[in-house]
Amino acid sequence: MENILEIKELNKSYADFALKDVSFSLPRGYIMGFVGENGSGKTTTIRSILNMAKIDSGKISVFGLDSIKDTVAIKQRLGVVFDSLYLAEHLSVRQIEQQLMPFYSEWDTKEFHSKIKQFGLPEDKEVGSFSKGMKMKLMIAVALSHNAELMILDEPTSGLDPVARDELLDILAEYIEDEKRSVLFSTHITADVERVADYITMLHGGRVWFTGTKDELDGKYVLLKGAEDDLPDALREKCIGFHAYRNGFDAMLDTQYLDEVPDALVTEKANIDEILVYIAKEARHEKSSESDAV
Amino acid sequence: MKNLLNLMRFDLISATCSAGNKQTAAYILIALVFLILAFFGMPLMMLLLFVGVLMLTAPLQGIAEKNNFNKLYGILPVPFRQVVQARFLLIFLSLFLCEIVIFLISSLSELLHVYRFDTSDFVIGIPQLLMFCVGIFAFFVSAMSYSQMMLWIHGQENEMKVMVYTMAGLFLTGGLIFLLMYLHILPSPAQLYQMLPETTGGKLVLYAVLHVLTAGICAACCQHTVKKLAAREL
């Protein structure tokens with residue numbers, strides 16, 4: 001299976017945040033949901049792919065090309081949607097097309113206007129007056145009109161109403177139908193990932209917590225609940241985000257340790273939201289243990 | 001070169017167009033007012049016309065500031081250095097075009113003996129007008145290139161407020177130079193003209209050299225900016 005995007009041991013540090021050895025790959029023809037809480041490094045990773053952030057070390061390949069050396073060639077084949085409109089808000093759709101068209105060798109005016117019509121966007125109105133959903137659709141129309149093979153979306157669904165979100169996800173699903181194109185979209189709305197993503201990469205604190213197919217993640221963790229006394233010490237060590245309260249405890253557990261779980265404890269499948277929550281709890285726990293040790 | 005032209009086109013559409021075309025109409029009106037003023041032959045009006053062209057760059061900063069174009073520059077299939085180069089090229093070309101237009105208009109005004117205020121020792125005849133236009137061109141291109149360079153280096157290239165202050169500073173400096181010339185504290189254009197080579201050929205060579213020198217200053221500022229911004233993140 002050909003990878004349309006490959007990131008190997010990406011490191012990038014700022015004064016207060018760092019990406020550490022981020023590695024994952026996205027095969028052609030699939031959608032990858034890129035999830036993590038706010039500040040986990042999703043946007044920095046996307047900016048690194050786009051060469052908007054200068055990486056400290058590691059390698060990023062898009063279409064088999066180097067993201068730094070071949071950045072211009074890559075961007076010819078890349079569509080990008082940010083959470084806010086990056087186009088001139090005082091211009092109309094037509095004027096924006098006039099601005100962007102000359103930069104793309106494969107710009108297709110017919111396709112652009114057909115998408116604008118399909119998305120129900122007015123052509124002569126200031127794009128700044130569009131709703132958030134309309135702005136998203138405009139950025140997608142731009143991406144589709146230069147025949148982008150990979151679409152990267154940074155938090156495209158945040159702030160959208162359920163109907164607009166649903167439409168957007170349908171557009172993404174349709175986009176990869178020919179199996180030649182891929183989508184990487186970052187989000188913290190995990191329901192969107194559950195709905196359309198084939199692959200998931202989960203970031204936490206600048207590190208990759210999980211990367212793989214949605215099915216792999218689906219069966220990877222369970223929630224563990226019960227009385228604290230029924231939890232063996234050895235198993236407690238393996239728990240993620242352990243939280244004790246007056247009547248018992250809850251935690252997340254890797255399914256590889258399921259055979260160690262006593263019958264008295266209850267297990268249930270963890271969804272993506274829950275996985276994110278327990279990862280965050282674990283990180284907080286580790287942090288407080290470290291400061292206690294100091 | 002194609003990318004530079006595309007980027008200049010991009011900037012011009014941003015600066016001069018709006019969804020309702022009201023902005024385009026406003027620009028045409030401003031240009032007409034300045035052209036009419038220049039037609040009446042006052043040197044200060046010529047300065048105003050130059051500033052009018054400089055004003056074209058102000059909306060660019062405002063638009064870029066408002067729209068977060070840095071994100072767009074990070075997405076477009078062009079190297080970022082070309083975005084910088086296009087801004088400098090736009091300054092040079094728009095002021096060069098302005099120089100030609102202002103020379104033609106003021107020469108026409110001179111030929112038609114359109115009424116002017118008493119500026120007899122200030123600008124006399126078409127040859128002095130040409131010198132005057134070249135001088136203003138060289139001053140504004142150099143000053144604008146330098147200020148653009150400083151704005152980019154300090155990350156203020158998209159800040160409308162800073163750009164307006166810069167333009168106001170340039171206008172005041174230009175106005176002060178005119179005033180000092182008018183008061184004969186500095187040599188007037190007529191006196192300056194006497195200092196030029198005697199032959200027409202000599203003068204034209206001097207003007208050509210001045211243009212090349214101005215282009216060199218603009219290119220040097222651009223190159224320095226590109227070098228300084230090599231590690232900038234968008």
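Q: Why is strand S3 of chain A largely enclosed by the rest of the structure?
A: This is a predicted model, where local features need pLDDT of at least 70, side-chain atom pairs count only at pLDDT 80 or more, and totals for chains, interfaces and linings use all residues. Residues are numbered from 1 along each chain as its sequence is written, with chains lettered from A and ligands numbered from 1 in the order in which they are written. Strands here are DSSP runs of E, at least two residues, and helices are runs of H or I, at least four, numbered from the N terminus. A residue is buried if 20 or more other C-beta atoms, placed from the backbone, lie within 10 Å of its own, and S3(A) (residues 31–35) is largely enclosed because the residues that are buried number five of the five.

Q: What is the bridge partner of A:Val35 in S8(A)?
A: Strands pair if DSSP finds at least two bridges between them. S3(A) and S8(A) (residues 182–187) run parallel, joined by five bridges. For A:Val35, the partner in S8(A) is A:Thr187.

Q: Which residue of S9(A) is the bridge partner of A:Met32?
A: S3(A) also pairs with S9(A) (residues 199–204), in the parallel sense, over four bridges. There, A:Met32 is partnered by A:Tyr199.

Conventions:
A residue is buried if 20 or more other C-beta atoms lie within 10 Å of its own, exposed if 12 or fewer, and partly exposed in between; C-beta atoms are placed from the backbone.
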